[in-house]
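Reader: Hi! I'm new to this one. Could you walk me through a couple of its helices?
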Amino acid sequence: MKYQEIDFKKYTECLENSEQQKYSATLDFLNVVSGKQWEILVYNDYEAVMPVPYMKKFGLKIVINPKLCQQLGIFSKTDNIQVNDQLLDFFEKKYNIWYYAFNDTNQFTKKLKERQNFLIYPADYNEVRQKYSPKRKRKLRLDEEVLQNSEVRKVTMNEALGFISQNTIGAKDEKDKQEFLQTFSDFEKAQHLQLTAFFYHKTIINIIAVYSDEKTLALLGTFNAKEHIKLSGSSVIIDHIISENIQTKTFDFEGSDVPAIEEFFRGFRPELKMYPTTFNSKKELLKKVLKIR
């Protein structure tokens, strides 16, 4: 079903009652990150749904998970391999797929390449903190001078814009960076963005951006002033966010294949959750589009 054909009430009910539940498949999230360029595969009368985001290239629909959207996949009351296999088979035949990530609950008969994510599920904060690695606990012990001259508090996008813009790593170019900043602004307008800053001598030296809803906090970005990296402000902020929310919300680190980032996440002792993906190289995609055998 194309976007304008979707029964959003039934779609949302399917998501909310699904075994797989992921914030990234919700209307609010997908509409922002994809610019409403998504459609769905539906099994029977919304017994299972599968959101499919795409980009337009040379007049063609190319499926790709949007920036900041780690997992999508199939959502149903009970994860069913037979249904999943049917949807996957249809999906691979029907679409030009560049990269698509299913969710960590989806199972298939076919072996798909997996990627890793890290989650801390709702629990008592003291129990969660007790599991932190010795190194992470040391990083959270700030010396007296830093304690006396620092604070952690929420900030608005207006307050954070200059710092985030200056300390964004990973954007391909200025256009790419501006798209990230616009996405953050759109999340703030939708009341789903939470920006928390570490101030040292009244100056921002770290900011953590998370997507927030009733059940989840998802890490969207970590921004650090290089000259103060040893103060471990990012660790302090994440611990602060966890302490305020982990009783009722899952903290989703959004995974990483970068060793240094993975090590940073693992210091909080989250649970490793693998999720399946399907991917085609540009060459393979071109062959499919041109139907070259």
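Predicted model: local features only at pLDDT ≥ 70, side-chain atom pairs only at ≥ 80, totals over all residues.

Reader: Great, let's start with H3. Which residues of H3 are buried?

Author: Val83, Asn84, Leu87, Leu88 and Phe91 are the buried ones in H3. Looking down the axis of H3, they fall within an arc of 130°, so they line one face of the helix.

Reader: Why would residues a few places apart point the same way?

Author: An α-helix has 3.6 residues a turn, so residues three or four places apart point the same way.

Reader: Nice. And what's on the other side of H3?

Author: Gln82 and Lys93 are there, and both are exposed.

Reader: What covers the buried residues of H3?

Author: The cover includes strands S1 (38–43), S2 (48–57), S3 (60–64), S5 (96–101) and S12 (271–279).

Reader: What happens at the start of H3?

Author: There, Asn80 has a side-chain oxygen within 2.9 Å of the backbone nitrogen of Gln82.

Reader: Switching to H7, which of its residues are buried?

Author: In H7, which runs over residues 157–166, they are Met157, Ala160, Phe163 and Ile164. These cover an arc of only 130° around the axis, which puts them on the same side of H7.

Reader: Which exposed residues does the face turned away carry?

Author: That face of H7 carries Asn158 and Gln166.

Reader: Last one: what covers the buried residues of H7?

Author: Among the elements covering them are helix H8 (174–189) and the strands S7 (150–155), S8 (193–200), S9 (203–212) and S10 (216–224).

Conventions
Residues numbered from 1 in each chain as written. Heavy atoms only, no water. Buried < 20%, exposed > 50% of the residue type's maximum accessible area, 1.4 Å probe, protein only. Helix = DSSP H or I, 4+ residues; strand = E, 2+ residues; numbered from the N terminus. Arc of directions from axis to C-beta. Contact = heavy atoms within 4.5 Å. Polar contact = N/O pair within 3.5 Å; in protein donor to acceptor, adjacent residues only side chain to side chain.
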